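Hello,

Here is the structure we talked about. Please open it alongside this note.

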Amino acid sequence: MTASRRLRITEIFYSLQGEARTVGWPTVFVRLTGCPLRCQYCDTAYAFHGGKLVDFDFILAEVAQYRPRFVTVTGGEPLAQPEARALLRELCDCGYEVSLETSGALDVGDIDARVSIVMDVKTPGSREETKNRYENIALLQAKDQIKFVICGRTDYEWSRDKLREYDLPARCEVLFSPSFEELNPAELAEWILEDRLQVRMQMQIHKLLWHDAAGH
């Protein structure tokens, strides 16, 4: 155990995974506090500030009570806290299937190889496009995923260009998601089919089930 290590967390909760490869699976979410970005569509702004400083023993015990198979470390932006890397490693050591949800603005190097990285590429519609760290793309592997949140046609065409520029489908799974209540999902589906893109369209099922951004 590593009681001397601490992280500031907003919440730990058990729910269905709302997106990405393990969508629909019961999952424990560890939401860390703080984020250097301010995406206009952010649905977890409550995690920007506050939270509670706790040690790893507390986090691991909270996770263990649910006896999960899947654990997701999210935020905010988890990597804004350096100790998040150590937590990911310890969760893997406990035998969980661990994923990291990250904005793509911070270095994803040195993440434990057992972790599945779900990394955003911020579109112009997010208003944080300039924060993209494109060097991260070369660090991703087949087990990882890249996510584009699409706010409209301009975002779609921009994302389609990035898909081709970096040959993303050859590197890992690519997710296109309509910005909730901003883009009609059927429109995005039609564009993907028209262009025959090798991407997975996804919708956030926690919002469809509970109209709840966080997925509680």
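Below are notes on its aromatic rings and on one helix.

This is a predicted model: local features need pLDDT of at least 70, side-chain atom pairs count only at pLDDT 80 or more, and totals for chains, interfaces and linings use all residues. Residues are numbered from 1 along each chain as its sequence is written, and side-chain values use heavy atoms, with hydrogens and water left out.

Aromatic rings

The structure holds eight aromatic pairs. Rings of Phe, Tyr and Trp (its six-membered ring) pair if their centres lie within 6.5 Å; planes under 30 degrees apart count as stacked, over 60 as edge-to-face and the rest as tilted. Tyr134 and Tyr166 are stacked, at 5.6 Å centre to centre and 5 degrees between the planes. Tyr134 is in the loop between strands E6 and E7, and Tyr166 in the loop between helix H3 and strand E8, so the pair ties together parts 32 residues apart in sequence. Helices (H or I, at least four residues) and strands (E, at least two) are DSSP runs, numbered from the N terminus.

Ring pairs also link Phe148, Tyr156, Trp158, Phe176 and Trp191 into a cluster. The charged end of Arg153 sits over the Trp191 ring, 5.0 Å from its centre. That term requires NZ of Lys or CZ of Arg within 6 Å of the ring centre and within 35 degrees of the ring normal.

Helix H3

The buried residues of H3 include Tyr156, Trp158 and Leu163. Buried means under 20% relative accessible area (1.4 Å probe, protein chains only). Just after H3, Asp167 takes a positive phi of about 45 degrees.

Best wishes

Terms used
Buried < 20%, exposed > 50% of the residue type's maximum accessible area, 1.4 Å probe, protein only.
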